[in-house]
Amino acid sequence: MMSQTIDLLKKELPVEEGRLPLNGDGAKTTGLVLVDLVNGFCTVGAGNLAPKVADKQISEMVEESARIARLFCEKKWPVFAFLDTHHPDIPEHPYPPHCILGTDEANLIPALQWLENDPSATLRRKDCIDGFLGSIDKHDGSNVFVDWVRNNDIKLLLVVGICTDICVLDFVSSALSARNRGFLSPLEDVVVYSRACATYDLPLHIAETLKDTIAHPQELMHHIGLYMAQGRGAKEISKPNLNYKALDNSVD
């Protein structure tokens, strides 16, 4: 029944996916944004919001995200990584405690720990769902993500990570709104790489046994996240054999 519902949803709410629009001459300067590839969301058994058992969608997201991050850094192209990180005394409702500062939950997954020492990568710990808001300095109002876009003359963002319908969607929506208001010049496009995104799975029969918890069917919510991002103005790609040679970071 659930698979039929998802098939119907995908038919009624289609997600248009194509190739990365960076082919040939005049390719746009591209920056890669990694959203919350931390143990607390990706590593089995690492915390309250980590998968309880091996999860195919999350595993594939981790593999593809690590692969494209390695490519960007080898080419010395800019990479920005958000790390969900929370103070133990400041809860993030409605979620249980997760990714607490100073614990391994808040650290990059093993496949990406090398980013900590890579000169092409900028890491930002955030204490909220939306990485754009989480990049604002609470003292002077500056935004390290906005500065990163401007300093690297980025015209296209390629976004990957977890969760498709939560942190990824919120960040993409804010980035597009900021672009529309002229706060993110010279940014032009935001592209979500669907194969390198994932969300968590909480079936209804399990959610009903938990207090103050709603169901979160993985495939359904992943698709809804992609559809909502598209509705905000993001472009999307899903090609398994992404033509990395097309990622020519020459400036328009």
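Helices here are DSSP runs of H or I with at least four residues, strands are E runs of at least two, and both are numbered from the N terminus. With that in hand, look at D153: this residue follows helix 5 and has a positive phi, near 55 degrees. You're looking at a predicted model, so local features need pLDDT of at least 70 and side-chain atom pairs count only at pLDDT 80 or more, while totals for chains, interfaces and linings use all residues. Residues are numbered from 1 along each chain as its sequence is written, and side-chain values use heavy atoms, with hydrogens and water left out.

- The buried residues of helix 5 are F145, V146, W148 and V149; buried means under 20% relative accessible area, exposed means over 50%, and partly exposed is in between (1.4 Å probe, protein chains only).
- These residues cover an arc of only 160 degrees around the axis, so they sit on the same side of helix 5. The arc is taken from the directions from the helix axis to the C-beta atoms.
- That buried set packs against strand 1, strand 2, strand 3 (121–126), helix 4 (131–134), strand 4 (156–162) and helix 6 (164–180), with contact meaning heavy atoms within 4.5 Å.
- At the N-terminal end, helix 5 is capped by N143, which has a side-chain oxygen 2.9 Å from the backbone nitrogen of F145. A polar contact is a pair of N or O atoms within 3.5 Å; within protein, one must be able to donate a hydrogen and the other to accept it, and residues adjacent in sequence count only if both atoms are side-chain atoms.

**Aromatic rings**

- Rings of Phe, Tyr and Trp (its six-membered ring) pair if their centres lie within 6.5 Å; planes under 30 degrees apart are stacked, over 60 edge-to-face, and the rest tilted. By this rule there are nine aromatic pairs.
- Take F82 and F145: their ring centres are 6.3 Å apart and their planes are at 45 degrees, so this pair is tilted. Because F82 is in strand 2 (residues 79–84) and F145 is in helix 5 (residues 144–151), the pair ties together parts that are 63 residues apart in sequence.
- Both partners are tucked away: F82 is buried at 1% relative accessible area, and F145 is buried at 0%.
- Ring pairs also join F80, F82, F132, F145, W148 and F171 into a cluster.
- Over at W114, the charged end of R70 sits over the ring, 3.9 Å from its centre. To count, NZ of Lys or CZ of Arg must be within 6 Å of the ring centre and within 35 degrees of the ring normal.

**The nonpolar core**

- A nonpolar core is a set of buried Ala, Val, Leu, Ile, Met, Phe, Trp, Tyr and Cys residues joined through side-chain atoms within 4.5 Å.
- The largest one has 66 residues, and V33, L34, L112, F145, L157, F171 and V172 touch the most other members. Helix 6 supplies the largest share of this core, nine residues.
- Beyond its neighbours within four places in sequence, V33 is in contact with residues including F80, F82, F145, W148 and F171.

- T30 is in strand 1 (residues 30–35) and is buried at 1% relative accessibility.
- T199 is in the loop between strand 5 (189–198) and helix 7 (204–207), and is buried with a relative accessible area of 0%.
- G102 is in the loop between strand 2 and strand 3, and is exposed at 77%.
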